[in-house]
Amino acid sequence: MPRRKKLPIAVAVPVLPVRNTVLFPHVVTPLFVDRDRSLRAIEDTMGGGGGGGRSRERERERTLVVLAQRDPEVQRPGLDDLYEIGTEAVVGRLLKMPDGSTSALVQGQRRVRVVGAVDDEPYLRVSVVPVEEPPYDQAAVEALMRAVLSLYEKVARLSRTIPDEHHAAAINVDEPGWLADFVVADLELTVPERQDVLETLDPAERLQKASLLLARELDALELQTRIHSQVQQEVDKNQRDYFLREQIKAIQKELGDADAQGREIGKLREKLDAAELPPIVREKADDELDRLMAMPAMSPEVGMVRSYLEWIAGLPWSVATDDQLDIERAAAILEQRHYGLPRVKERMLEFMAVRKLLAGKVTAATATAQQTRSPILCFVGPPGVGKTSLGRSIAEALGRKFLRVSLGGVRDEAEIRGHRRTYIGALPGRILQAMRTAGTVNPVFMLDEIDKLGADFRGDPSSALLEVLDPEQNVAFSDHYLDVPYDLSRVLFVTTANMLDPVPPALLDRMEVIELAGYVEDEKLQIARRFLIPKQTREHGLTSARLRFSAEGTRRIIRAYTHEAGVRNLEREIGAVCRKVARKVAANGSGGRITRVTITGKTLESFLGPPRFRHNLAEERDETGVATGVSWTPAGGDVMTLEVSLLPGKGQLVLTGQLGEVMKESAQAALSFARARAGELGIRQSFYETTDVHIHVPAGAIPKDGPSAGIAMATALVSALTGRPAYREVAITGEITLRGRVLPVGGVREKVIGAHRAGIKTFVLPRDNLKDLEEVPADARRELTFVPVDRMEDVLPITLHPPAAELKAV
């Protein structure tokens, strides 16, 4: 009968739990023991077998089982905290270490499996059975052993932790399982990876796992070797450079140059300390300062690094001026410096009121960008209306520094963001250059002529301005030169433009637009009396006792010698008068016959020559086919005559006077209205079959366009077709539709003032424009009669004489 295979007998042995390692069979390794239970187990194991008996029994009594912990943080592991498969080991010797711990030299014997716990005091003892390896294919295993030895040779040659004799020992191992355990024990693996190999019982499978782990380790070692080689080359170069620099320092010390460089670096460090830099900027500055200290004095980079540090130290990072929040004082300053402009003054006083309310909650040093966010204003208006000087007055009212940067003709993005330091002669952009000049973080910053920015292959400056003028982004403005964030959120930006059309929509969206219309005649008169005349007389060495401008004379200069929206030419003409008076005074001596000169309308020509401009006046008499319209220009409003002549022909419409496309369409709409309403208006139905219509708007050399002449053209056309004269003292403005509706137009304030100056008595305007009369001066509102209209049927009875039949009835 066949022989029955013997089952393994369970043996009770002490347990040595280990952390962060796994012991393999046939491997000798030291284990550091720092737990009392583990030390007691080792001491009892080494003390067993002293009573004689067979040597194998004594050796078995001196063995214990080494089990790896699943969680290395557990201080008193139980059976559930340990892996099931471990290694039976023999303790060779026990050494006390200087730090109080104990080192035990153990040698693994064989794999064992835990079948149960025997005792937990004074240390853990378990029952274990040996684990047998299954049979394997000798030929396949032989090939795997050669592959593993080849990989292990390469790893041992590159690794610094594997002794040279280990490779020789591995060559002499003839068992496949033993070889796999031996090479894996030398690799730097995690506990789960080591335990996985320990629990793999098939030698062929174990060799395959060892081969994969060796290949991974070889890749890591080759990469580490390449990196180490590169680093070593760099270190050798740095050591050489350091040696040379030390020699240069010694030479400089002998020549007396080292002290000068050290003093300069010390001054830079003092400036950086005084600048109160933000942490991220200070870190960057310290890195650059360390680079500067390590450089030889003759290095070309010294100047670049020194210039960079000087820029950082020179910029204001925390210095701020305290706002003057006295609203009455600010209002007085704005009123003293500028006449009119109520909307701008009101906006600035509102800003100061908000700042004053926040002043009790937040100080200038601790203000956050959200609490102190400044408006970004855009003053739009024709030249000479005081946009730039208004920004200077705002800064004076707030008690802040004033900066001005002209953007006209700027085409390079680097003008805004600066150049990168890789370029020779690189500098920060104009924004930070101006901030350095101001010396504070909260100036009034005027960006002049923003509508005249250009763009080419070097970039788009208007796109770079998006970050500057965006309150959500300028808290960390990035300049290419500095390469660190700079806070612009506390700057009060004011931009100026003559027109909004060239400004990109994205940039325009970030600004609060305030339109500054051209000054009317009365405003120019007040500006001249309050500002321009005193300034020019003072600059020309005259006094009010020597020269006096009458209101009539000043108004004559405005009307006959200037034609502008602003007051620059007016100031020039006043200056010309002052020069001529000064010449007469100087020619006759201080005690001469000339005591005082008064400029009046009659004497003005002797100083400035004949008039250069003239304003249109109302016609001298009522005429058929002639209506009085009004026009708007940047220089103000004026009246214009619209003439209609009827000629024999075939119904053609002739337009002259350099009319734009909009005015041409208005003329066509007026003619279509007349043809459609011919019966109601008393016009012959077939007039267009035998009659050509010629509409002319003097003066022919001046281009004209706009929608506001529609009802004036219709009035002149109906007057010519019906033979009813139009009233010369009635001015008309408004657009017309084919149905005869009157639509609102713009520029009512300037048009009303121009009509008042021309002697108009009645002003016809769309009903929707009545709200615009609030901006009209009081004297014009008082002396003019305003007639609001909705349809052409309302316009004609006011602008045309009644028909002949009605006159006879009357």
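In which loop is Pro122 found? Pro122 is in the loop between strand 5 (102-119) and strand 6 (125-130). Helices (H or I, at least four residues) and strands (E, at least two) are DSSP runs, numbered from the N terminus.

This is a predicted model, in which local features need pLDDT of at least 70 and side-chain atom pairs count only at pLDDT 80 or more, while totals for chains, interfaces and linings use all residues. Residues are numbered from 1 along each chain as its sequence is written, and side-chain values use heavy atoms, with hydrogens and water left out.

**Backbone exceptions**

Most residues other than glycine have a negative phi, and most peptide bonds are trans. The peptide bond from Glu121 to Pro122 is cis, with omega near 0°. Asn20 is not a glycine, yet its phi is positive, about 65°. Glu449 also has a positive phi, near 55°, and is a residue other than glycine. Asn20 sits in the loop between strand 1 (11-18) and strand 2 (28-33), and Glu449 in the loop between strand 9 and helix 16 (461-468).

**Accessibility**

Buried means under 20% relative accessible area, exposed over 50%, and partly exposed in between (1.4 Å probe, protein chains only).

| Residue | Relative accessibility | Class |
|---|---|---|
| Asn20 | 61% | exposed |
| Val231 | 44% | partly exposed |
| Glu449 | 24% | partly exposed |
| Thr440 | 4% | buried |

Thr440 lies in the loop between helix 15 (430-438) and strand 9. Leaving aside residues up to four places away in sequence, Thr440 touches Pro316, Val319, Ala320, Thr321, Lys401 and Met435. Contact here means heavy atoms within 4.5 Å.

Val231 belongs to helix 7 (residues 203-255). Together with Leu223, Ile227 and Val235, Val231 makes a nonpolar surface patch of about 300 Å². Patches are made of residues with over 30% relative accessible area and no salt bridge; like charges are joined within 9 Å, nonpolar side chains (Val, Leu, Ile, Met, Phe, Trp, Tyr) within 5 Å. A salt bridge is a side-chain nitrogen of Lys or Arg within 4 Å of a carboxyl oxygen of Asp or Glu.

**The parallel sheet**

Strands of a sheet pair through backbone hydrogen bonds, either parallel or antiparallel. Two strands count as paired if DSSP finds at least two bridges between them. An open sheet is formed by five strands in the order 8-9-12-7-13, with parallel pairing. Strand 8 (402-406) and strand 13 (512-515) are at the edges; each has a single partner strand, so one side of each has no neighbour in the sheet. From one strand to the next, the twist averages 20°.

Strand 7 (residues 377-380) pairs with strand 13 in the parallel sense over four bridges. Opposite Cys378 stands Val513 in strand 13. Helix 13 (residues 387-398) lies across strand 7, strand 8, strand 9 (444-448) and strand 12 (492-497), and runs at about 175° to strand 9. Axes are lines fitted to C-alpha atoms, for helices over the stretch in contact, and angles run from 0 to 180 degrees between N-to-C directions.

**Strand 16**

Is strand 16 largely enclosed or left open? Six of the eight residues of strand 16 (residues 626-633) are buried, so this strand is largely enclosed by the rest of the structure. Strand 16 pairs with strand 17 (residues 636-648) in the antiparallel sense over eight bridges. Strand 16 also runs parallel to strand 20 (residues 730-732), joined by two bridges. Thr628 has Thr641 as its bridge partner in strand 17, and Thr628 stands opposite Ala731 in strand 20.

Note on methods
Accessible areas come from the Shrake-Rupley method with a 1.4 Å probe; for residues, only the protein chains shown count as cover.
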